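Good morning. I will walk through one structure, and you can follow on the screen as I talk.

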Amino acid sequence: MPQYPTDFQLMYGTAWKEEGTADLTYKALKAGFRAIDTANQRKHYFEEGVGSGIKRFLSESDLTRDDLFLQTKFTYERGQDHRLPYDPKASFSDQVKQSFASSQKHLGTETLDSYVLHGPYQNGGIFEEDQETWRAFESLHAQGKVKQLGVSNVSPLHLQQLLDFAEIKPTFVQNRCFARMGWDQPVREICKSNGLIYQGFSLLTANSAELSHPAVSEMAISLQKTIPQLVFRFALQLGMLPLTGTTSAQHMSEDLVLLNFELTPEQMKTLEGIALN
Ligand SMILES: NC(=O)c1ccc[n+]([C@@H]2O[C@H](COP(=O)([O-])OP(=O)(O)OC[C@H]3O[C@@H](n4cnc5c(N)ncnc54)[C@H](OP(=O)(O)O)[C@@H]3O)[C@@H](O)[C@H]2O)c1
């Protein structure tokens, strides 16, 4: 069974924050986020800054590392810039070991709650590169260094092939979630039938045209919520674990207000089909 604390309804994403990463991670934790997503991919994330923000928060709080859910990723060379956390000439298996050791250092933790393959090696399916990499992930899991595994940026084919191959199945699937693709319905279906948790990102940015539909603003007004609150609540009710990477303290607090309202089946249906309108 996936282990994901049910009181963590929303995950804070740390991409594209550069020098602001430590401060924003700290602010997100102060606001009440307990689940943090990052990656050992310096091109888009500053993982060391995430570690600094966590350290500062824990030093001022009664909470401990175990009260947090920390997730990071292994990224292949083609998704990186020159600031690689491993030797690119090493085998994939060794690259995973090196990247993981560097993440442990950056985040100041021996164990990670979730370790995610940032994206498959090839678009067309899961081949030998991913198989070697996944075996290295499984080895980290077997050693108790990683509690759960995940995969990101997958098609239904990738996910099904990984599920067929894996001895330790992924617990998490993290994908960009487009309303025009039924909110990634085919991937979410596979997640549902295999008991995996779907983490949705770009829920706002990938769907700006659909979210500007009058039906969405009318619903938000009638519920006295913002459109992002509506979208994150919708995602939650669809069974997703949504991500937000807001840089605004006000949006952080607003986004966390997901539990004090509920969308009706009718409202869910409207939002599910919003791309068809
Ligand atoms: N696996 C992958 O390949 C991958 C790819 C992309 C992202 N991610 C993860 O997902 C996280 C979130 O990324 P994202 O693409 O979903 O979006 P994002 O980076 O959080 O961007 C959201 C945008 O919407 C704006 N916004 C306005 N009101 C908001 C509100 N109430 N709450 C949140 N945002 C609001 C934000 O502006 P303000 O800052 O002013 O609020 C920001 O410009 C990333 O940090 C990363 O951890 C993973």
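The shell around the ligand has six nonpolar, 15 polar and three charged residues. For these classes, Ala, Val, Leu, Ile, Met, Phe, Trp, Tyr, Cys and Pro count as nonpolar, Asp, Glu, Lys and Arg as charged, and the others, Gly among them, as polar. This is a predicted model, in which local features need pLDDT of at least 70 and side-chain atom pairs count only at pLDDT 80 or more, while totals for chains, interfaces and linings use all residues. Residues are numbered from 1 along each chain as its sequence is written.

In total, 24 residues surround the ligand, the closest being G13, F201, P228, G245 and T246. Helix α10 gives the most, with three residues. By helices I mean DSSP runs of H or I with at least four residues, and by strands DSSP runs of E with at least two, both numbered from the N terminus.

Now the barrel. Eight strands close into it in the order β1-β2-β3-β4-β5-β6-β7-β8, with parallel pairing. Neighbouring strands of this sheet are turned by 25 degrees against each other on average, direction ignored. Two strands pair if DSSP finds at least two bridges between them. In general, strands of a sheet pair through backbone hydrogen bonds, either parallel or antiparallel.

Five bridges join β6 (residues 172-176) to β7, and the two run parallel; F172 has I197 in β7 as its bridge partner. Strand β7 (residues 197-201) is in turn joined to β8 by three bridges, also parallel. There, Y198 is the bridge partner of M240, and G200 stands opposite P242. Finally, two bridges join β1 to β8, again parallel, with Y12 and T244 as bridge partners.

How many residues of β8 are buried? Five of its five are, where buried means that 20 or more other C-beta atoms lie within 10 Å of the residue's own; 12 or fewer makes a residue exposed, anything in between partly exposed, and the C-beta atoms are placed from the backbone. Both faces of β8 are covered, by M240, P242 and T244 on one side and L241 and L243 on the other. In β7, four of the five residues are buried.

Next, the helices. Helix α9 (residues 227-237) lies across β7 and β8, running at about 150 degrees to β8. Angles run from 0 to 180 degrees between N-to-C directions, and axes are lines fitted to C-alpha atoms, for helices over the stretch in contact. Helix α1 (residues 21-31) has T21, A22, L24, T25, Y26, A28 and L29 as its buried residues. They pack against β1 (11-13), β2 (35-37), α2 and α10. Contact here means that the C-beta atoms of two residues, placed from the backbone, lie within 7 Å. After α1 comes G32, with a positive phi near 125 degrees.

The axes of α2 (residues 47-60) and α3 (residues 92-107) come within 7 Å and cross at roughly 35 degrees. On the α2 side the contact is made by E47, E48, V50, G51 and I54, and on the α3 side by S103, H106 and L107. By class, that is three nonpolar, three polar and two charged residues.

On to the inside. The largest nonpolar core has 66 residues, of which Y115, F137 and V173 touch the most other members. A nonpolar core is a set of buried Ala, Val, Leu, Ile, Met, Phe, Trp, Tyr and Cys residues joined through C-beta atoms within 7 Å.

Last, two loop residues. Most residues other than glycine have a negative phi. W183, in the loop between β6 and α6 (185-194), has a positive phi near 55 degrees. S202, in the loop between β7 and α7 (208-211), has a positive phi of about 60 degrees. Which of the two is buried, and which partly exposed? W183 counts as buried because 23 other C-beta atoms lie within 10 Å, whereas S202 is partly exposed because it has 14.

Terms used: A residue is near a molecule or strand if its C-beta atom, placed from the backbone, lies within 6 Å of it.
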